[in-house]
Amino acid sequence: MDADECGRALLSNPDQLARFAEEHYDEIFRYCARRLPSAEDAKDATQEVFLRLAKSRAAYDSREKPLAYLYTCARNVCIDIMRRARPVSTLSDADAERIPDPAQSGMHEDLLLADALSRLPADEREVLELRYGQDLKVADIAAVVGKSRFALRRIERRALERLREMMEDD
């Protein structure tokens, strides 16, 4: 069975669709959690992704890989949620006191990396997130973001170089 037949079979068979959803639910949740402001938003987004997947069986282009199609749905759902997002509220004093001191908790390097990632342009951050955070192949990322593999390699190299420079400066 080739990729086209496999993709059609996946989305036309409810049992296979359920297995596919179960296999990829956690990774889609992690993807959404990194892109959205709260775990609750990520849970809602993940549910919406799989709901859209189930509803879109007729619209699925069998030339696409099912996993790339799933990440495209996730990306679009996250964008939709961010567009509707309300302003982020400030922390109360009680909340602020519960945040651990990064210097004492061993989170310093993680925070430096998170800060450096946040300063990258959105396209570079997304490519690194999909490549290293979600462990997707370049071909799948190309399908998700709508760019060529060659362009993605350039974006990835540029992003990694910027991260190195930012981490060395800090």
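Let's start with the aromatic rings: two aromatic pairs are counted in this chain. The model is a predicted one, and these pairs make a friendly way into it. A pair of aromatic rings is described by the distance of the centres and the angle of the planes.

Take Tyr-25 and Phe-50. Their rings are stacked, with 5.7 Å from centre to centre and 20 degrees between the planes. Tyr-25 belongs to helix H2 (residues 14–35) and Phe-50 to helix H3 (residues 39–55), so this pair ties together parts that are 25 residues apart in sequence.

Since Tyr-31 sits in helix H2 and Tyr-71 in helix H4 (residues 66–84), the pair ties together parts that are 40 residues apart in sequence. Here both tyrosines are buried.

What does Tyr-71 touch, leaving aside residues up to four places away in sequence? Its contacts are Glu-27, Ile-28, Tyr-31, Leu-130, Gln-134, Leu-136 and Val-144.

That brings us to the interior. In soluble globular proteins, nonpolar side chains tend to be buried together. In this model the largest nonpolar core holds 31 residues, and Ile-28, Cys-32, Leu-70, Tyr-71 and Leu-130 touch the most other members. Two or more residues come from each of H2, H3, H4, H8, helix H9 (138–145) and helix H10 (149–169). H4 gives the largest share, ten residues. Apart from this core lies another, of six residues, including Leu-128, Ala-159, Leu-163 and Met-166.

Helix H8 (residues 122–133) deserves a look of its own. Its buried residues are Glu-124, Glu-126, Val-127, Leu-128, Glu-129 and Leu-130. Of these, Leu-130 is among the residues that touch the most other members of the largest core, while Leu-128 belongs to the other core. Just after H8, Asp-135 adopts a positive phi of about 60 degrees.

Finally, step back to the whole chain. Its secondary structure consists of ten helices and zero strands. Of its 170 residues, 34% count as buried. Among contacts with a separation of 6 or more, 66% involve residues 24 or more positions apart. The chain exposes about 10900 Å², and carbon and sulfur atoms supply 51% of that area.

Methods: Residues numbered from 1 in each chain as written. Predicted model: local features only at pLDDT ≥ 70, side-chain atom pairs only at ≥ 80, totals over all residues. Heavy atoms only, no water. Helix = DSSP H or I, 4+ residues; strand = E, 2+ residues; numbered from the N terminus. Buried < 20%, exposed > 50% of the residue type's maximum accessible area, 1.4 Å probe, protein only. Contact = heavy atoms within 4.5 Å. Areas by Shrake-Rupley, 256 points an atom, 1.4 Å probe, with all protein chains shown as cover. Phe/Tyr/Trp six-rings, centres within 6.5 Å; stacked < 30°, edge-to-face > 60°. Core = buried A, V, L, I, M, F, W, Y, C linked by side-chain atoms within 4.5 Å.
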